[in-house]
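This report goes through the backbone geometry, the domains, the core and the ligand surroundings of the structure shown below.

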Amino acid sequence: MRQETTIRRGIEKIRLGHYPTPLVRLETISRETGLHFYIKRDDLCGVAFGGNKVRKLEYLLAHAKAKGFDTILTAGGAQSNHALLTAACCGKLGLDALLLLKKRGVTEAKGNLLLASLLKTPVRFIDTDSYAEVYAQAETIMDDLRAGGKNPWLIPVGGSVPLGALGYLDAAEEIASQAGEQGFPVDHILCCSGSGGTHAGLLLGAKKLGARVTGIVVSVEENFQEEIYRLTLETAQLAGIDPGIRLEDVVLKAYIGPGYARPSEEGDAAIRFMAEKEGIFLDPVYTGKAFAGFLDLCAQGFFAPGEHVVFVHTGGGPAIFALYP
Ligand SMILES: Cc1ncc(COP(=O)(O)O)c(C=O)c1O
């Protein structure tokens, strides 16, 4: 199928998902928290089991196609949502994908690895905790692919480079337009911050809305605030807009629990709460912990009563089938 290509801010973008995704008010959670609570359903974007990576891939893979790359290598954790969605989107565009994943956590054919096997996407594992080692290995694989006559391109972990983050600048504009149509002001946007591209794009777009953005951190990162700040500035430069963001505008709250990709008690309770009250499933690695963080921030009085909060459901559903027995 031929994918529609558009130009935004002078940059090519290829349609992979179904946008706009729904922006929905959740009545029970609004009532129970004393806020106006909305969920942005990027899990319903229509590729695989959905998720935030598709907006990034619309820019990244448009670039890959335009430059004539034929093979996409990307990396991540063993159950990486980004890697699986890259494979699914590559398939739609007739590109080959190859995934380099850390041999940590759930490495059997469950969750996203089961989906990767259904896509027949080759997966290589690397037994390390260090992304420096992952990237060194990726370079070796790139050399091998070139030697085999391929023209490969490496998408960094999470697609969190300025080109990818543009997808979430678009998402913030989409939220602004939907909130305008529904007649409410967006005071606050909450998302999960993993590799930072979602947060950076939203932060840039939220400025025009006058909304604050809070990122819930679910893995241990050093200098993450500076990293997201730098990515926000670089994304603004690429988009040709004035960032107008200060370092302190990058607000992060950590709800890691026992560790990255290890379910937390609070996250599990938050997943059950959302599922029971609203029939929406969050995931144990990212969105469940992010929603648990939101509930804890409510209890701490972080939001003013009656504020309008948009929680971005960034996907991740396949992890339910990998991490729960
Ligand atoms: C389901 C899900 N939510 C949130 C995130 C975090 O997004 P980002 O990497 O842009 O910070 C990820 C990243 O892997 C993810 O898979």
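A261 is placed in the loop between strand 11 (251-254) and helix 9 (265-278), and in this predicted model its phi is near 60 degrees, a positive value in a residue other than glycine. In general, most residues other than glycine have a negative phi. A second residue of this kind is A48, whose phi is positive at about 45 degrees although A48 is not a glycine. The two alanines are set side by side in the table.

| Residue | Phi | Loop | Other C-beta atoms within 10 Å |
|---|---|---|---|
| A48 | about 45 degrees | between strand 4 (36-41) and helix 2 (53-67) | 22 |

The peptide bond that runs from Y19 to P20 is cis, with omega near 5 degrees, and P20 itself is found in the loop between strand 2 (11-14) and strand 3 (23-25). After helix 5 comes G149, with a positive phi near 90 degrees.

Contact between the domains involves 33 residues of domain 1 and 31 residues of domain 2. On the side of domain 1 that touches domain 2, strand 2, helix 6 and helix 11 (320-323) each supply at least two residues, and helix 6 has the largest share, with seven residues. By residue class, that side of domain 1 consists of 17 nonpolar, twelve polar and four charged residues.

The largest nonpolar core has 95 residues, and those with the most contacts inside it are C89, L99, I189, L190, L202, V310 and F311. Helix 6 (residues 162-182) gives the most to this core, with eight residues. Since domain 1 and domain 2 both give residues to the core, it lies between them. Leaving aside residues up to four places away in sequence, V310 touches L23, Y38, K40, I175, V186 and I189. In soluble globular proteins, nonpolar side chains tend to be buried together.

Which residues are closest to the ligand? The ligand is surrounded by 20 residues, of which N81, G194, T198, T314 and G316 are the closest. At least two residues of the shell come from each of helix 3 (81-93), strand 9 (188-193) and helix 7 (197-209), and helix 7 gives the most, with three residues. The shell around the ligand is made up of 17 polar residues, two nonpolar residues and one charged residue. Both domains take part in this shell, since domain 1 and domain 2 each contribute at least three residues to it.

Key. Residues numbered from 1 in each chain as written. Predicted model: local features only at pLDDT ≥ 70, side-chain atom pairs only at ≥ 80, totals over all residues. Near = placed C-beta within 6 Å. Helix = DSSP H or I, 4+ residues; strand = E, 2+ residues; numbered from the N terminus. Nonpolar A, V, L, I, M, F, W, Y, C, P; charged D, E, K, R; others polar. Core = buried A, V, L, I, M, F, W, Y, C linked by C-beta atoms within 7 Å. Buried ≥ 20, exposed ≤ 12 C-beta atoms within 10 Å, placed from the backbone. Contact = placed C-beta atoms within 7 Å.
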